[in-house]
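Colleague: Hi, could you walk me through this one? I have a few quick questions.

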Amino acid sequence: MPDLLANIGRTPLVPLRQIAAGLPVPVLVKCEHMNPGGSVKDRIALAIVDDAEARDVLHPGDTLVEATAGNTGVGLALVAAVRGYRLVCVMPEKMSVDKRTVLRSLGARVEVVPNAPPTSPDNFRNVAERMAEQHGWFNTDQFRNPANALVHEQTTGPEIVEQTLGRIGAFVAGVGTGGTLTGVGRCLRAKVPHARVVLADPVGSALADWIETGRLGLDGSYQVEGIGGSTVPENLDRQVVDEAMRVTDEESFAMARRLVREEGLLVGGSAGTNVVAALRLAARGGLDGPVVTVLPDSWDRYRAQPWMQAWGQPAC
Ligand code: PMP
């Protein structure tokens, strides 16, 4: 009988019936929050481990170390449990306390490091790399590992093409590692070449400027987790991206709330970012087919964050 990991992927694609009503084209959302670990990152966790096992560089009992915003850690923890690995997660302190608790509950060791820039030795990626070298652990390295973008090119993208019967006007997504946007983008370039591929970037991230001009923008702060950044991840391929859209924290969190309330989609903040950009694209017109986006993760990861706590306050 297939194990739990066989149930990663093949997520539903559903229309936004209320929020996108009246727009020239439908907005379709891929429910990655319905993966077993609650996020799109289950796909890459399994793909990275499968790839390393196939290359004979990883063996049961080994330790995986990952620099993660949390979701890849959860995906890796599931894979580690089923396949018999130990897991160490290095997380910037900006990430929600819920994510730390979840990872520790799953048996991972969690190292919280300061929100340091990529040049700093305290930066989460640098800490993970150092730990891998020092202890002989396997650095899953989602930012650089090509198995990340490849699994989206081979699964997420083809699933979207199949679920839309090949009718896609645009695909839009935020970039953390770039795996989703690059992988789905490459698949669409091959199979639906007229589809626009669009980056949804938090205001404060430097990536939208890079897509538009080839130069990184100013590095600001923002609260949405898992997307945007001050450096270009190796897994982001600028060749497949047509344009960028900027979305504020306020817009993202307000949309996440609407997705929960009006569509019953129990998602986190970056889903809000993606849907704000998707609605803008759909409203702009000129597209030959629906706008497709992803809902990267589940709301249960953000309960302790002030923006979600505010949902429980009585309306004034
Ligand atoms: N949203 C959330 C909540 C995430 O954790 C991530 C991954 N860091 C993304 C979106 C972006 O996905 P990707 O790494 O494929 O660019």
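This is a predicted model: local features need pLDDT of at least 70, side-chain atom pairs count only at pLDDT 80 or more; totals for chains, interfaces and linings use all residues.

Colleague: Great! At what angle do helix 8 and helix 9 pack?

Modeller: About 95 degrees, with the axes of helix 8 (residues 249-263) and helix 9 (residues 269-284) 7 Å apart. Axes are lines fitted to C-alpha atoms over the stretch in contact, and angles run from 0 to 180 degrees between N-to-C directions.

Colleague: Why is helix 8 called roughly perpendicular to helix 9?

Modeller: Because the angle is about 95 degrees, and 65 to 115 counts as roughly perpendicular.

Colleague: Which residues of the largest nonpolar core touch the most other members?

Modeller: Leu259, Val291 and Leu295, out of 28 residues. Such a core is a set of buried (under 20% relative accessible area) Ala, Val, Leu, Ile, Met, Phe, Trp, Tyr and Cys residues joined through side-chain atoms within 4.5 Å. Helix 9 gives the most to this core, eight residues.

Colleague: And what does Leu259 touch?

Modeller: Leaving aside residues up to four places away in sequence, its contacts (heavy atoms within 4.5 Å) include Leu16, Ile19, Val275 and Leu295.

Colleague: New topic: is Thr180 buried or exposed?

Modeller: Thr180 is buried, at a relative accessible area of 13%. Thr180 sits in helix 6 (residues 179-191).

Terms used
Residues are numbered from 1 along each chain as its sequence is written. Side-chain values use heavy atoms; hydrogens and water are left out. Helices (H or I, at least four residues) and strands (E, at least two) are DSSP runs, numbered from the N terminus. Buried means under 20% relative accessible area, exposed over 50%, partly exposed in between (1.4 Å probe, protein chains only). Angles under 35 degrees count as roughly parallel, over 145 as roughly antiparallel, 65 to 115 as roughly perpendicular and the rest as oblique.
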